[in-house]
Amino acid sequence: MLEKDIGELERDVVKPDARLSDLLRRAKVIAQETQESGFSEWIQKELNGYHADDTVPRYRVVRGQPVSWNPVRGWDPVIIHDSGTEEKISQAPLGQSIVELEHLVEHRPQGAVLHIDYPASVQRLLCDSTGVPTKFALQISSASVVGILHAVRNELLDRLV
């Protein structure tokens, strides 16, 4: 019976219309039956989201453009002259649950961009370094979230075969 469930799940993973959250729930049952703790733990984190103290997988780190809020013009790009600092603030981990990411993708307007708020410490650093007391965020393409969903689907398939 377990082999049949795994075979069905393998077939469904490659179907683009199959909801990833549903596939992960089915995989969770299989992982519990096979007692594969690493697989089960990974599924749990993908379904429930990663906690602040968890290391997120590389496929969940997105790149974007640092921006600052201008009350007249809206979001403006932030130019960082130090390449090390630019590298650090141009990427962020997305630890939200798969269901949240699916919802973002399903309900996004065409060509939408998303804004990820920086932690308070980074906000203070950017305010101090620019001399502008405003809000800063990382602007990412919604396609980055789609990429995460595809990476999780691929990882699930890799773990099943």
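Student: Which elements each supply at least two residues of the lining of the second largest pocket?

Tutor: Before the answer, keep in mind that this is a predicted model. For the second largest pocket, look at helix 4 (83-89), strand 4 (91-93) and strand 5, each of which supplies at least two lining residues. Strand 4 gives the most, with three residues.

Student: Which residues line the second largest pocket, and how do they divide by class?

Tutor: The lining is made up of Lys88, Ile89, Gln91, Ala92, Pro93, Ile116, Asp117, Tyr118, Pro119, Val122 and Leu138. By class that gives eight nonpolar, one polar and two charged residues. The space inside comes to about 160 Å³.

Student: And how much space lies in the largest pocket?

Tutor: About 230 Å³. Helix 5 (98-106) and helix 7 are the elements that give two or more residues to its lining, and helix 7 has the largest share, with four residues. Among the lining residues are Pro16, Arg19, Glu102, Glu106, His150 and Arg153. The whole lining splits into six nonpolar, one polar and four charged residues.

Student: On to the sheet. What is the strand order, and how do the strands pair?

Tutor: The general idea comes first: strands of a sheet pair through backbone hydrogen bonds, either parallel or antiparallel. Here you have an open sheet of four strands in the order 3-2-6-5, and the pairing is antiparallel. Strand 3 and strand 5 (113-117) stand at the edges with a single partner strand each, so one side of each has no neighbour in the sheet. On average, neighbouring strands of this sheet are turned by 45° against each other, ignoring direction.

Student: Which helix packs on the sheet, and which strands does it touch?

Tutor: Helix 7 (residues 142-160) does, touching strand 5 and strand 6 (136-141). Its direction makes about 65° with that of strand 6.

Student: How many bridges join strand 2 and strand 3?

Tutor: Four, in the antiparallel sense, with strand 2 covering residues 65-70. The two strands form a hairpin, with three residues between them.

Student: One last stop, the backbone angles. Which residue has a positive phi although it is not a glycine?

Tutor: That's Gln35, with a phi of about 55°. You'll find Gln35 in the loop between helix 2 (20-34) and helix 3 (37-48).

Student: Is Gln35 buried or exposed?

Tutor: Exposed counts as over 50% relative accessible area. Gln35 has 70%, so it is exposed.

Conventions: Residues numbered from 1 in each chain as written. Predicted model: local features only at pLDDT ≥ 70, side-chain atom pairs only at ≥ 80, totals over all residues. Heavy atoms only, no water. Pairing = 2+ DSSP bridges. Axes fitted to C-alpha atoms, helices over the stretch in contact; angles between N-to-C directions. Contact = heavy atoms within 4.5 Å. 1 Å grid on protein atoms, 1.4 Å probe; cavity = no way out; pocket = protein on both sides within 12 Å on 5 of 7 lines; lining within 4 Å. Points joined across faces, edges and corners; volume = space filled by probe spheres on them. Nonpolar A, V, L, I, M, F, W, Y, C, P; charged D, E, K, R; others polar. Buried < 20%, exposed > 50% of the residue type's maximum accessible area, 1.4 Å probe, protein only.
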